Amino acid sequence: MKYKDELIRSMKWLADKDDTIFIGQSVLHSGNAIYNTLKDIDEEKRIEVPVFEEVQMGMSTGMALNGIVPICCFPRFDFMLRCMDSLVNHLDKMQTMTEGTFKPKVIMRTSIGSTNPLDGGVQHTQDYTMSFKSMLHEVDVVLLEEPDNIFTEFQSAYNGDRSTLLVEYGDYYNDK
Amino acid sequence: MDKKELISFEEDIKKIYEDGKIKAPVHLSGGNEEQLIEIFKNVDKDDWVFSSWRNHYHALLHGVDKEFLKDLIVRGKSMSVYSDKPKFYSSSIVGGIIPIALGTAMSIKMKGGENKVWCFVGDMTFESGIFYECYKYSRNFDLPLQFVVEDNGLSTNTPTEETWGGKQTPPADVYHYEYERTYPHHGTGNWVLF
């Protein structure tokens, strides 16, 4: 299967779980590539939120504290810089701060913006994978480079007991 | 727990800290015992309580075991007190706790639960943008989230009103009280040799 098809398959698998919810911008309303991998999922499972990345990330952490597994979607990696306090100072520190008592599991999706056929420019196409890996210790960062790995990576993210950030390539939606 | 017991707990911690036995900052509570005792009459034992770096009184009044709390503080975790039963979590980053409290409140509503989330913030945090985003969202979606603004006029030692050039009046559905803190921002006010 192709890159985008594997993403759709993974989202359907996650949507079948009772404890998951999809949250973010353009998860319920069209507007970016990630939407096209979610549009066939029950609307009840999708929460469209305002553009408030810091709150979205923190909300997802709070939901996870109470037993929900949020699939927290940020359309582009660039936008995730707006949620760094919630991600780095909170989600990524919670197991240490609570000595393993609280282990919130959040699955994050983001995408390195495509440059072909339209180039989004320097504010919409950055790849911060290595920077995030160096900052995050309780959150795994996974780069989705090949279609063959996508489904198993999302399965691992759901079945594990850590939070995971899965990074997609916008260009691969058409190319692979 | 009554006022005397709360004060006594912090005096005990103060002594341990001044003996050089706590190798981390401590943020002692004080001066707001009566207000908090009244507020916690409304907090159910199964509610979630989210707090900040100054959290000892909140933890005690929510029913966190006194000895467990003392052990945490002595081990240097005054700024990150937590408990699973009762449910209690704190953060030492200004404003960072608010969206987490919001999400927990949202999950309670999604699951059809009846309990509430309580979120204690200081007056500087109340003035921040993230408070207003979360407050607005919680009210528009009717989430079981109760905010409490504890107003001592300071953030560390930075005066809230002076630096903002004024202060906002909390909405009517937000608990708000003013008090004068007994202890400094952190420590006890006495020089300690470690």
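Author: A cavity here is a set of points, on a 1 Å grid over the protein atoms alone, where a 1.4 Å probe fits but cannot get out. Points are joined across faces, edges and corners, and the volume is the space filled by probe spheres set on them. This is a predicted model, where local features need pLDDT of at least 70, side-chain atom pairs count only at pLDDT 80 or more, and totals for chains, interfaces and linings use all residues. Residues are numbered from 1 along each chain as its sequence is written, chains are lettered from A and ligands numbered from 1 in the order in which they are written, and side-chain values use heavy atoms, leaving out hydrogens and water.

Reader: What lines the largest cavity?

Author: Its lining (residues with an atom within 4 Å of a point) has 21 residues, and those nearest the centre are Trp53(B), Arg54(B), Gly122(B), Glu150(B) and Asn152(B). Strand 4, helix 6 and strand 6 (154–155) of chain B supply at least two lining residues each.

Reader: And the second largest cavity, what is its volume?

Author: About 50 Å³. Among the residues lining this second cavity are Trp53(B), Phe120(B), Val121(B) and Gly122(B). Strand 4 of chain B gives the largest share of that lining, three residues.

Reader: Changing topic. Which residues of helix 7 of chain B are buried?

Author: Ile130(B), Phe131(B), Cys134(B), Tyr135(B), Tyr137(B) and Ser138(B). Buried means under 20% relative accessible area, and exposed over 50%, with a 1.4 Å probe and protein chains only.

Reader: What comes just after helix 7 of chain B?

Author: Asp142(B), with a positive phi of about 50°.

Reader: What about Glu33(B), buried or exposed?

Author: Glu33(B) counts as buried, because its relative accessibility is 6%. Beyond its neighbours within four places in sequence, Glu33(B) is in contact (heavy atoms within 4.5 Å) with Lys3(B), Leu6(B), Ile7(B) and Tyr57(B).

Reader: And which residues does Ser80(B) contact?

Author: Leaving aside neighbours within four places in sequence, Ser80(B) is in contact with Met97(A), Asn55(B) and Ser90(B). Ser80(B) counts as buried too, at 12% relative accessibility.

Key. Helices (H or I, at least four residues) and strands (E, at least two) are DSSP runs, numbered from the N terminus. On a 1 Å grid over the protein atoms alone, a cavity is a set of points where a 1.4 Å probe fits but cannot get out, and a pocket is an open set with protein on both sides within 12 Å along at least five of seven lines; lining residues have an atom within 4 Å of a point.
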